[in-house]
Amino acid sequence: MVTKITKGCVIYNSPTSLGNKTGGWRTMKPVVDEEKCKKCNICWQFCPDSSIEPADRKANKAIKINYDYCKGCGICAAECPFKAITMVMEEK
Amino acid sequence: MYEVRFHGRGGQGAVTAAEILAVAAFSEGKYTQSFPVFGVERRGAPVAAFLRMDDKAIRARYQIYEPDAVIVLDPSLISVVDVSAGVKSDGVIIINTTKHPSDFNFDSKKVVTVDATGIALKNKLGSATNPIVNSTILGAYAKVMEIMGKKGKTGINALLDAVRYKSPAKKEENVAATKEAYETAKV
Amino acid sequence: MSRKIVKGAEAMAIAGKLAKPDVVPAFPITPSTTFPEKMSEYVACGELPNTEFVPVESEHSAMSAAIAASATGARTCTATSSQGLALMHEMLFIAAGMRLPIVLFDANRALSAPLNIWGDQQDSISERDAGWIHFYGENAQEGLDLMLMAFRVAEDKRVLLPTMVGIDGFVLTHTSEPVDVPEQKAVDDFLPQYKAEHCYLDPERPTTVGAFAPPEYYMETRYQLDEAVHSSGPVIDEVFADFEKRFGRKYSKIEYYGDRDAEVVFVAIGSLCGTLKDWIDEHRAKGQKVGLVRIIVYRPFPFKELKAALANAKIVAVVDRSISLGYGGPVFSELAAAFVNDAKRPLFKSFIIGLGGRDIKLNDFENIYNAASADLKAGKVNEKMHWVNINKEML
């Protein structure tokens, strides 16, 4: 399908970035050890791609990685004070 | 077309004098155009302003080089600036001074004098070191135009209304001073 | 309607006020400063209760703020001059590319160096490629009228382009003359509220504006923008006609003055045309034929109108009050290029005049006429460019 140029190049079906699944850019992926996760949400704050669903202490729910968009940069693993996130090779 | 050039010093109100006269002529149905020498608005420095008036719309956009009348707000300028430059042979030079017209000689062009400083101070316009004479001296202009019957003729009543309209303060003092200059100008 | 004596720059501010803008971001620069001064005064005094005046820290910020405001759907205007317009340069392209109907008053002034605050048209002519519509007035009245029409044209759904209105610095901005000021009600009828449909801020309907376009999209965006500027022409005609109907003053993209069958025809922009008209009247009184084409709308370039107006001309004296350094007169080069494929075309001669506020006198046009007439007689143009009233002894 051809994209039509709108007046002033305004994009009306925002946010179009949802359709751009950047998970495919990954060579290593973060894996969460739910036992070690203290639900501090520091990783969620640092994730540059908003690819972490925050933990919920009340529900005793650990953080969760959204692999559709996670590019595997490893910032979450580096920042986690409890070493609850490990970077492992993507197996494809 | 009738063209007037004003000579003053920055801060003395030469531009405002041109604008007051423009408002007066405009109220009598004339088209007018007034403007300063652009960009030289420094206090004390010699400045000039211009006024054109005509019965039809004015399109010309150049400075006035051959004025029909010249108005000198500050007599000390005469030794600094050639106030009579380009004045038409049947033109008139109006000077704020206590001297008599016969004390001046500008190639035998008509000279009118008026003690605008004395009149302004009497009416509390400005201070002894910085008298405001721009409204006052126009009274002499109205007088000489009346006598010479020139195209630049501006009625004294229209002028007084314009002075009142354009004065930011001391409206009646300005009007009284203009009237006195009209009555006492040495033509 | 009331008639009063105002300076040109104030007439532009009065137009700005009558248009009731939502946002006015501006930074003062001579000789446009009266505009932000008066607009902020109107806002402070409650005369524009729904307008936000944004004092910014530079002209670049002024245009940035104008873009942001306009992109939310607000009616936006600003003013600048010379270095200020140059500082806006990159933002001017953005305003056009985003199709934001910002209106800008430019007090036409020379560019540094050397520093010069006086009038010529170098500043806005240098921005001719930015995708803006350009209007140029001959006097304060035209400035006011064109400013009002600029809002109408810019905001028209078929146009949606930023528009700048130029009047010559000092010669017009600082000259007091009688101006007819339209009634607010009449302006409200002529210029209804701006209701943005293509670009606006609505949290319920998020959009992306100012996005990037890779090579597979960019050419098409330029094509579309170029088409938009060209096709604003008929809308401009329509708005001019509606303005005349309502306010009685006639405007057209170009104005022809003088003899229709004149062999020597001047082409020029702005206030110098007033003096030139006086010279033409004097000249015609002597029985000689001469014509003037004054360009009021410079972008979109009025090809059709100019070709028709110059159909009988034998030599066209293009009088530029700006210069493309290393080439020549910008209007000259564009006008000559417009005729390049025509079998029958007049001679074109380039004149540069009045840079940096050099006074333009009646005699200058006499000299231009004589130089053009001599070339016409010789059947060819003898010099690339003729600098009017230049003191060669200083060089």
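**Backbone geometry in loops of chains B and C**

Lys124(B) sits in the loop of chain B that runs between α2 (116–122) and α3 (136–148). The model is predicted, and this briefing takes up two backbone features within it, namely positive phi values in residues other than glycine, with Lys124(B) as one of them, and cis peptide bonds, including the bond that joins Thr30(C) and Pro31(C).

**Positive phi outside glycine**

- For Lys124(B), which is not a glycine, phi is positive and lies near 60°.
- The relative accessible area of Lys124(B) is 57%, and because exposed means over 50% on this scale, Lys124(B) is classed as exposed.
- Lys20(C), likewise not a glycine, has a positive phi of about 45°, and this lysine belongs to the loop between α1 (8–18) and β2 of chain C.
- With a relative accessible area of 43%, Lys20(C) is partly exposed, since that class covers values between the buried limit of 20% and the exposed limit of 50%.

**Cis peptide bonds**

- In chain C, Thr30(C) and Pro31(C) are joined by a peptide bond in the cis form, for which omega is about -5°.
- The proline of this pair, Pro31(C), is placed in the loop that links β2 (23–26) with α2 (34–44) of chain C.
- A cis peptide bond also leads from Ala113(C) to Pro114(C), where omega is near -5°.
- Pro114(C) lies in the loop of chain C between β5 (103–108) and α5 (122–125).

How values were computed:
Residues are numbered from 1 along each chain as its sequence is written. Chains are lettered from A and ligands numbered from 1 in the order in which they are written. This is a predicted model: local features need pLDDT of at least 70, side-chain atom pairs count only at pLDDT 80 or more; totals for chains, interfaces and linings use all residues. Side-chain values use heavy atoms; hydrogens and water are left out. Helices (H or I, at least four residues) and strands (E, at least two) are DSSP runs, numbered from the N terminus. Buried means under 20% relative accessible area, exposed over 50%, partly exposed in between (1.4 Å probe, protein chains only).
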